[in-house]
Amino acid sequence: MIKNGLILVDKPTGYTSFKAAAVLRRIYGTKRVGHTGTLDPLATGVLPILIGRATRLASYVIEADKRYIAGIRLGITTDSLDITGQTTATSEVNVTDEQLSRALEHFNCTYDQLPPMYSAIQVNGVRLYDLARQGKEVKREPRTVTIHELKLISRQGNDFTVEVHCSKGTYIRSLADDIGKFLGCGAAVSSLRRTDAAGFSIDRCRSLEQIEADPKGCLLSPDMAVPQFRSVTIAPTQAVRFMNGAALSVDRLRFFDDATDGELFRMYSDGEFLGLSEYKSEARELTTKCVVKE
């Protein structure tokens with residue numbers, strides 16, 4: 001079985017990103033599995049996972065905007081900012097549709113958002129969620145995020161659903177909490193589905209059951225994880241040099257006149273993706289950045 005590539009998982013609810021990766025370790029029979037970003041256990045949707053030597057590309061996967069469909073419940077506040085957490089406060093809800101619309105418009109902007117305690121952010125080498133589980137709360141620095149679009153889809157009583165297009169690093173749970181504070185009644189995420197991440201949409205993703213049934217068919221070429229880089233094709237003899245870590249002179253290649261110093265390139269030979277190289281303009285060389293081909 002091929003054990004080197006990209007899997008686009010439609011993560012089920014109740015699974016951590018780590019647990020979803022563990023399922024793929026079993027399916028593909030390899031320990032070299034890594035996800036390129038986390039999703040809350042409550043959340044479902046797009047979770048890109050790299051298999052085998054493709055895990056070397058993890059730090060190069062594009063950090064693009066993300067899209068979500070979020071269910072939010074008014075009148076409740078929890079320690080995790082979603083309905084799976086411990087309730088810390090409840091409130092009577094008297095929010096009109098007009099007031100809700102005004103709240104969504106207020107947060108359709110760039111603002112400084114406070115990350116939740118239940119998050120994977122590290123403070124002094126410790127994950128915030130580990131501290132939160134110990135009942136500890138520490139100071140967190142706000143992060144500037146952009147909500148490009150915050151669109152109301154539906155509302156039924158205290159529950160409403162929104163479509164969110166946001167910058168990387170945005171916490172939808174914090175957004176829901178901020179909306180609840182703005183309205184004065186509290187709010188928490190009741191459901192969350194990521195529909196786009198790292199340039200991949202939900203319609204390209206497969207469930208764990210589908211991957212189990214057709215592991216080879218669900219494994220994509222590793223170069224699909226880094227489409228943002230331009231490609232260079234080299235001869236087989238040059239490919240050997242590249243894979244052994246030797247620099248390649250661009251004067252012997254069909255190269256780009258507009259290449260910039262430090263630019264990364266996808267390297268191919270005989271139609272196969274080899275890995276990534278970095279252009280050194282002073283030496284006019286491509287140096288090996290990472291080798292993916294077995």
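Student: What share of the contacts in the chain with a separation of 6 or more comes from residues 24 or more positions apart?

Tutor: A contact means heavy atoms within 4.5 Å. In this chain, 68% of the contacts with a separation of 6 or more are between residues 24 or more positions apart. The model is predicted, so local features need pLDDT of at least 70 and side-chain atom pairs count only at pLDDT 80 or more, while totals for chains, interfaces and linings use all residues. Residues are numbered from 1 along each chain as its sequence is written, and side-chain values use heavy atoms, with hydrogens and water left out.

Student: How many helices and strands does the chain have?

Tutor: Helices (H or I, at least four residues) and strands (E, at least two) are DSSP runs, numbered from the N terminus. Here there are seven helices and 18 strands.

Student: Where does Glu-278 lie, and why does Glu-278 count as buried?

Tutor: Buried means under 20% relative accessible area, exposed over 50%, and partly exposed in between, with a 1.4 Å probe and protein chains only. Glu-278 belongs to strand β17, residues 272-280, and counts as buried because its relative accessibility is 14%. Of the 294 residues in the chain, 47% are buried.

Student: Which residues does Glu-278 touch, neighbours within four places in sequence aside?

Tutor: Its contacts are Gly-262, Glu-263, Leu-264, Glu-285, Leu-286, Thr-287 and Lys-289. With Lys-289, the side chain of Glu-278 also forms a polar contact of 3.3 Å. A polar contact is a pair of N or O atoms within 3.5 Å; within protein, one must be able to donate a hydrogen and the other to accept it, and residues adjacent in sequence count only if both atoms are side-chain atoms.
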